[in-house]
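Visitor: I have a model on the screen and some terms to sort out. Could you take me through them?

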Amino acid sequence: MKDGNKNLYSAVQPTNNLTIGNYLGAIKNWVRLQNDYNCYYAIANMHAITVRQDPAELRRRTLSLAALFIACGIDPEKSALYVQSTVPAHAELCWVLNTFTYVGEMGRMTQFKDKSQKHADNINMGLMDYPVLMAADILLYQAAVVPIGKDQTQHLEIARDIAQRFNNAYTPTFTVPEGVYLKAAANICDLLNPDKKMSKSAENINGSIFLTDDRDTVIRKFKRAVTDSDGQIIYDPEKKPGVSNLLSIYSVFSDKSIDYAVKEFSGRGYGDFKLAVAETVADKLAPIQAEQEKLLKDKEYLDGVLKKGRDIAAYTANKTLNKVYKKIGFYQI
Ligand code: TYM
């Protein structure tokens with residue numbers, strides 16, 4: 001962590017397998033930004049339990065996600081990589097921020113409404129409080145920037161509102177965070193349903209490319225991707241969501257601009273195009289998968305990384321929490 005650098009915060013939930021949407025929308029950006037900011041990257045297991053989780057599976061996915069972050073290029077020497085529940089300040093600040101948040105605004109959150117529909121038998125308080133915990137995550141670290149996908153914009157807005165409310169009620173305490181998005185990849189869509197975001201928990205797994213998918217699966221899924229009938233490879237997310245989504249995926253995975261990709265595929269058929277996208281993705285995923293597997297064999301190393309990350313995170317988080325406790329009048333011994 002360098003003095004003078006601004007802080008950056010982001011997190012991913014250890015639920016299901018991650019998709020290339022999570023990778024392109026968030027993690028790839030994290031890797032790029034770790035040289036310019038003091039980065040805190042968390043495995044958001046406290047958010048994960050707002051939907052029932054199998055305990056053994058949650059534990060396994062937590063470690064597996066830590067290995068994945070490193071395999072994707074997060075450098076634990078540069079960035080604090082840690083598990084959210086190992087820093088109690090998250091839950092503590094969440095409680096305080098709850099008193100600066102209105103029930104009405106939480107009920108209007110799109111993700112809350114979606115998840116309430118999906119898990120109608122378990123609309124628990126945590127599900128509703130999810131954005132406040134996310135605000136606590138970000139604000140504890142005085143994060144100036146938060147790299148996320150488009151689906152998290154509403155949550156970031158609430159975090160900003162809560163920060164401003166608190167700052168106005170007392171004196172400036174929290175940095176008001178900005179979201180950063182990797183333009184071409186902020187909203188990677190489902191391959192079979194390109195009007196919807198690609199999701200870890202989609203009903204049809206053939207619409208999502210998981211980071212664990214092997215080469216044959218990647219190629220099979222891309223071959224079946226929904227396009228349109230006009231046969232032209234051009235970028236127009238409104239009129240041609242399927243083709244545009246494939247162009248975005250290709251562009252980010254190959255580090256080529258969308259314009260360049262459009263020229264590259266001009267005059268070629270959809271079959272050819274889909275195969276080229278599939279092969280590019282499969283080529284990029286293979287070394288990440290191999291590295292993740294290697295890292296997972298060394299639990300001691302991973303635990304060491306998560307402990308060091310926790311200590312760095314806890315130091316910063318507790319500094320903010322102490323400030324907050326003083327301002328609101330909590331008795332200090
Ligand atoms: P999660 O685990 O659902 O997703 C992790 C990140 O991946 C992005 N993402 C996508 N980006 C582009 N296209 C997609 N199809 C796509 N699907 C997912 C998400 O926007 C996210 O950036 N609540 C967060 C985790 C969290 C967090 C935080 C994030 C907890 N505390 C504080 C930032 C700051 C979540 O559920 O992400």
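Guide: Start with pairing: two strands pair if DSSP finds at least two bridges between them. Strands (E, at least two residues) and helices (H or I, at least four) are DSSP runs, numbered from the N terminus. This is a predicted model: local features need pLDDT of at least 70, side-chain atom pairs count only at pLDDT 80 or more, and totals for chains, interfaces and linings use all residues. Residues are numbered from 1 along each chain as its sequence is written, and side-chain values use heavy atoms, without hydrogens and water.

Visitor: What makes strand E2 and E3 a pair?

Guide: 4 bridges join E2 (residues 38-43) to E3. Pairing takes at least two, so they pair. The two run parallel. Ile-43 stands opposite Val-83 in E3.

Visitor: Why is one side of strand E3 and of strand E5 left without a neighbour in the sheet?

Guide: The open sheet has the order E3-E2-E1-E4-E5. E3 (80-83) and E5 (178-180) stand at the edges, each with a single partner strand, so one side of each stays without a neighbour.

Visitor: Which strands does helix H1 touch?

Guide: Helix H1 (residues 20-33) packs on the sheet, touching E1 (7-12), E2, E4 (143-147) and E5. Contact means heavy atoms within 4.5 Å.

Visitor: What makes a set of residues a nonpolar core?

Guide: Its members are buried Ala, Val, Leu, Ile, Met, Phe, Trp, Tyr and Cys residues, joined through side-chain atoms within 4.5 Å. Buried means under 20% relative accessible area (1.4 Å probe, protein chains only). The largest such core here has 62 residues. Helix H12 (residues 270-296) gives the largest share, 10 residues. A second, separate core has 44 residues, including Met-134 and Phe-166.

Note on methods: Buried means under 20% relative accessible area, exposed over 50%, partly exposed in between (1.4 Å probe, protein chains only). Axes are lines fitted to C-alpha atoms, for helices over the stretch in contact, and angles run from 0 to 180 degrees between N-to-C directions.
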